[in-house]
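Q: Could you take me through this model feature by feature, giving the general idea each time and then the case at hand?

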Amino acid sequence: MNIATDPWVWIAAILTIAIFSFLYRENPFYRAAEHLYVGIANGYAITFYWHRILVPSLFDPVAHSPHFITKVWLIAIAIIGAFYFTRFIPKISWLVRIPIAILLGYGCGASIPRAVDAELIKQLQATIITRAHFAHWDTAAWAIIIFLGVIATVSYFFFSAERKGVIKPVSYIGVIFIMVGFGASFGYTVMARISLFIGRLQFLLGDWLGIIK
Amino acid sequence: MTPQDSAARPNLWTRLQAIDRRWIYLVIWIVVMVPLLFPFPIKPKPTTPVEKLFSYIDTMPAGKALVISVDFTPDTRAELQPMIVALLRHAFATGRPVGVLAMAVYGLGLGEEALSQVTAEFNAHATTHEDSVINGEDYVFWGWTTPPLTVMLGMGERIANVFPVDYYGARTESLPIMRDLRNYDDVGVLVTVAASAMPRSWIVYGQTQFGVHLGCGITAVSAADFYPYVNSGQFVGMLAGMKGAAEYEQLVMERMAKNKMDWGLRNRGTEAMSSQTSAHLAIMAFIIIGNIGYFATRRRKS
């Protein structure tokens, strides 16, 4: 046993135990650790936004740029950005729509054409069965299963026709594919949560208490 | 005891249905902790998506860089940090230039921690300048900037414009590594290690417009969401959760042993696999017992 002497390791260990105490019941230690986390996370982010974004991209150029036009542009953009804070002043809160509109316009313009290509066209292409899939029996089998799975699942979400005739059994197969998907997601979720717990125990037993290597 | 009393008294299954969840937590705690104290060896067999990513990095043209985007926060460190460490070891063991950036501001410290650890491991065994792993020559840590959309699109034009200074405050353009690392054309593969939907953004903005090759390391929770992108070839490979990290660690260990770099390094992902396995067995037992109890009590009620 080789207990840590670093005070930061002790602080991290005590806070970890404080958070875990919630498993027993809600208590002031848990709440203190939770509030501390939120506060520190926000403070950390604000510091980095100030030093890495606002200072080099706004304050420094405004103060030192030799180009007057650059300064005007930056100040104008900063004022539009500051409109976000007007939502706290009811009389002029409508101004918040201006930066939101600019962001939405920019975001949609940049996203929509690329997202259609990446999320729809490429995914549709991946469901098409080609001759290359039949080079090996397993790739052929998976390609067919994916093709059937997509058709069956999409038919389950096809609400424009009554679910009878051929659509009924196909959509039922779609439900099976969806359930398999949910099962896979749940299994992975269990693995994820256990992994995080293992990480904390590795820290407590190893870095803090020195019981394990 | 009358027959009515016997019927009213809850049996084992009924009591199990109403068990205090804190007992479950205690069992999981023990089941995870005991294998950490008394580990039994488990050697994870690499799955296809992990092998694909490893092979891609292993065989990409000389001079092409591996870029790692740290897109997660400390809450998922246990799952994702071993991936970064393994990727860095692989890159340095095969002499690849490395660029690291963070899309999450909280990922900065994690990226720095992984770089410090792995460079120290390699430099401890270096005897010449060529063997050493040097900041600015063999790797660059660009740091963080925002918004992600601008970063992803901007890196396709010129990386030095997006990150004028690196994490340590040096002018990016002045670094020797940046002479051959101008934009996505010089990137062999960009691996996004994320606990969010960021890998999807990399596909939409980085890949669709500029054609950069992508890989991903993601938390197990989101693994099912990203398999379609591996199937479509949009990701060259994928590491899913701590198990994915452990599989990659195995492949890197083999590669390093081949390169005579068998230094006995710790592999956090692999070390966790015995606890992971026993916890999974316990949860499977809970699910089976819970279902038997549910059907037994339902039959009793009917």
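**The sheet of chain B**

A: In chain B, six strands make up an open sheet with parallel pairing, in the order S3-S2-S1-S4-S5-S6; helices (H or I, at least four residues) and strands (E, at least two) are DSSP runs numbered from the N terminus, and two strands pair if DSSP finds at least two bridges between them. Strand S3 (139-144) and strand S6 (235-240) of chain B are the edge strands, each pairing on one side only. With direction ignored, neighbouring strands of this sheet are turned by 15 degrees against each other on average. The model is predicted, and local features need pLDDT of at least 70, side-chain atom pairs count only at pLDDT 80 or more, while totals for chains, interfaces and linings use all residues. Residues are numbered from 1 along each chain as its sequence is written, and chains are lettered from A and ligands numbered from 1 in the order in which they are written.

Q: How many bridges join strand S2 of chain B to S3(B), and what is the bridge partner of B:Leu101 in S3(B)?

A: In a regular strand the side chains alternate between the two faces of the sheet. Here strand S2 (residues 98-102) of chain B runs parallel to S3(B) and is joined to it by five bridges. B:Leu101 has B:Gly143 as its bridge partner in S3(B), and B:Gly99 has B:Val140.

Q: Is S3(B) largely enclosed or open?

A: A residue is buried if 20 or more other C-beta atoms lie within 10 Å of its own, exposed if 12 or fewer, and partly exposed in between, with C-beta atoms placed from the backbone. Six of the six residues of S3(B) are buried, so this strand is largely enclosed by the rest of the structure. Of the 302 residues of chain B, 45% count as buried.

Q: Where do B:Pro147 and B:Lys260 lie, and what are the omega and phi values to look at?

A: Most residues other than glycine have a negative phi, and most peptide bonds are trans. B:Thr146 and B:Pro147 are joined by a cis peptide bond, with omega about 0 degrees, and B:Pro147 lies in the loop between S3 and helix H7 (148-157) of chain B. B:Lys260, in the loop between H11 and helix H12 (268-271) of chain B, has a positive phi, near 60 degrees, in a residue other than glycine. B:Lys260 counts as exposed because it has 7 C-beta neighbours inside 10 Å.

Q: At what angle do H6(A) and H3(B) cross, and is the crossing left-handed or right-handed?

A: Two packed helices are described by the angle between their axes and the distance between the axes. The axes are lines fitted to C-alpha atoms, for helices over the stretch in contact, and angles run from 0 to 180 degrees between N-to-C directions. Helix H6 (residues 167-208) of chain A and helix H3 (residues 21-37) of chain B have axes that come within 10 Å and cross at roughly 50 degrees. H6(A) and H3(B) are therefore oblique to each other; angles under 35 degrees count as roughly parallel, over 145 as roughly antiparallel, 65 to 115 as roughly perpendicular and the rest as oblique. The crossing of H6(A) and H3(B) is right-handed, where right-handed means that the near helix is turned clockwise from the far one by less than a right angle, and left-handed anticlockwise. On H6(A), the contact (C-beta atoms, placed from the backbone, within 7 Å) is made by residues including A:Phe197 and A:Leu201, and on H3(B) by B:Val32, B:Met33 and B:Leu36.

Q: At what angle do H4(A) and H9(B) pack?

A: H4(A) and H9(B) pack at about 85 degrees, with their axes 9 Å apart, which makes H4(A) roughly perpendicular to H9(B). Among the residues in contact are A:Arg114 and A:Asp117 of H4(A) and B:Tyr205 and B:Gln207 of H9(B).

Q: How many residues of chain B are in contact with chain A?

A: 40 residues of chain B are in contact with 37 residues of chain A. The side of chain B that touches chain A has 22 nonpolar, 13 polar and five charged residues; Ala, Val, Leu, Ile, Met, Phe, Trp, Tyr, Cys and Pro count as nonpolar, Asp, Glu, Lys and Arg as charged, and the others, Gly among them, as polar.

Methods: Contact = placed C-beta atoms within 7 Å.
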